Amino acid sequence: MDSPMFSKYSWLDFLFSVVGVCTFLFDVGSDIWVATEFYSRGDFFWFGVLIGLMVLSSVVVQMFSWFWFKYDRELEGFDEQTAKNVLFGGCVKLSFLLHVLQLGFFCRHISAIWQGFRVWWRQEQGSGYAVYLTHDLSMLRLIETFCESAPQLTLMTHIMLHNNKARTVQCVSVVASTTSIAWMVVDYHRSLRSFLPDKAKQGWGSALVYFLWNLLLIAPRVAAVALFATILPSYLAAHFLLIWPVLVFWVWRQETDFMDSAGGEWLYRATVGLIWYFSWFNVAEGGTRRRSIIYHSFMATDGGILLVSWWFYRDPVLTQSYAPILLATLPLTYLMGVLFKTLYYYCFHPTLWMPPVRETGLEEELPDGQEMVFRSIAPQTGSPRLRNKRMASHATHFYSEEEARKPIKINGREANTVV
């Protein structure tokens, strides 16, 4: 039977899976609608840019999904536990074809819903693997959001500012992208919280503050980039190509080990660089305060340069009704986001107990509950343990601080643990 500690699949997990696939389909549908509108109106440049963002996002997500599919199949006991649970999961060639056809991500959604339905409604075994699937989907939605929804939100905002008007289809696209980003924030944070069994229930106050600081930091960043694109559109690509390699280099310097292959790891680092272009995302162990201060100082400076450039090159006549408001509101909004983030970390952020390192020889002496802190999938009777170390690693980075380490005693001996 499933472990009761981390593998309990509830109706709320099932609901999140269903809403997740509905949000995904709504986002795809709105993208197709916007692309059709651009094409029918003869706006072939915007049509090409939008299609390019959709294709880039889809390819990146499918690559991550395929890498993880290969990694998981190498785990001991994976086939035995999942052959009957995963839609198309037992056939490697079919799964590869689905990923080539850009359907792998969608099939993961269907697999998670089907597995969750079997566990929650039919009361079958496999709760641990249902949770495993939802964790992977949460990370894939995060990647999809910042590869497509955030750039698309920037694009739609730029077009509305450039034309000084908004059509219905553009408003729908903005709503879809904003909804996708907002849902990703809530869903991803909720998924990470499941790695804290003693603090798994997140209060509404904590969730609201977490959502607000992300929204208040991402919104002015998107607006600043969109405003800059209205005055110097040809320089926006140059700006991204200057910033993105620096961010990727910083990720590399932090010696990430999220993926199980060199090629996969560089894909991950490149993707994190893209995420950092819009929002902070912790990827390494240790104290995050210094890294976060460096990042936000850098992004605030860059955003200020973009905003000041727009102010001096803008059309004073067309922008006179909203330019002073934006110039005052965007920096203030970013500052409020930093303050809400500080409030969250001081008042609402939980901590994660880290298991002792293997060199201490203590890991085998821990009770089962402590030993499985980083496992998101538990075994069924007689089955080998499977570990979803991807989300466990991110939970470790997000919920632990190097400065918080202090020794505790286990069986009369000391071990360094984060509290």
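This section describes the salt bridges and a nonpolar surface patch of a predicted model. Local features required pLDDT of at least 70 and side-chain atom pairs pLDDT 80 or more, while totals for chains, interfaces and linings use all residues. Residues are numbered from 1 along each chain as its sequence is written, and side-chain values use heavy atoms, without hydrogens and water.

Three salt bridges are present (a side-chain nitrogen of Lys or Arg within 4 Å of a carboxyl oxygen of Asp or Glu). Arg221 pairs with Asp302 at 2.6 Å, N to O. Arg221 belongs to helix H8 (residues 204-231) and Asp302 to helix H11 (residues 289-313), so the bridge ties together parts 81 residues apart in sequence. Helices are DSSP runs (H or I, at least four residues), numbered from the N terminus. Both Arg221 and Asp302 are buried (under 20% relative accessible area, with exposed over 50% and partly exposed in between; 1.4 Å probe, protein chains only).

Asp136 bridges to Arg108, with the closest N and O atoms 3.8 Å apart. This pair links distant parts of the chain, helix H6 (residues 127-163) and helix H5 (residues 104-120), 28 residues apart. Asp136 and Arg108 are both buried.

The bridge between Arg269 and Glu265 has its closest N and O atoms 3.9 Å apart. Both residues lie in helix H10 (residues 262-276), four residues apart, about one turn of the helix. Arg269 counts as buried at 10% relative accessibility, and Glu265 at 5%.

On the surface, Leu94, Leu97, Leu101 and Leu103 form a nonpolar patch with about 330 Å² of accessible area together. Patches join residues with over 30% relative accessible area and no salt bridge: like charges within 9 Å, nonpolar side chains (Val, Leu, Ile, Met, Phe, Trp, Tyr) within 5 Å. Accessible areas come from the Shrake-Rupley method with a 1.4 Å probe; for residues, only the protein chains shown count as cover. Leu94 is located in helix H4 (residues 92-100).

Methods
Helix = DSSP H or I, 4+ residues; strand = E, 2+ residues; numbered from the N terminus.
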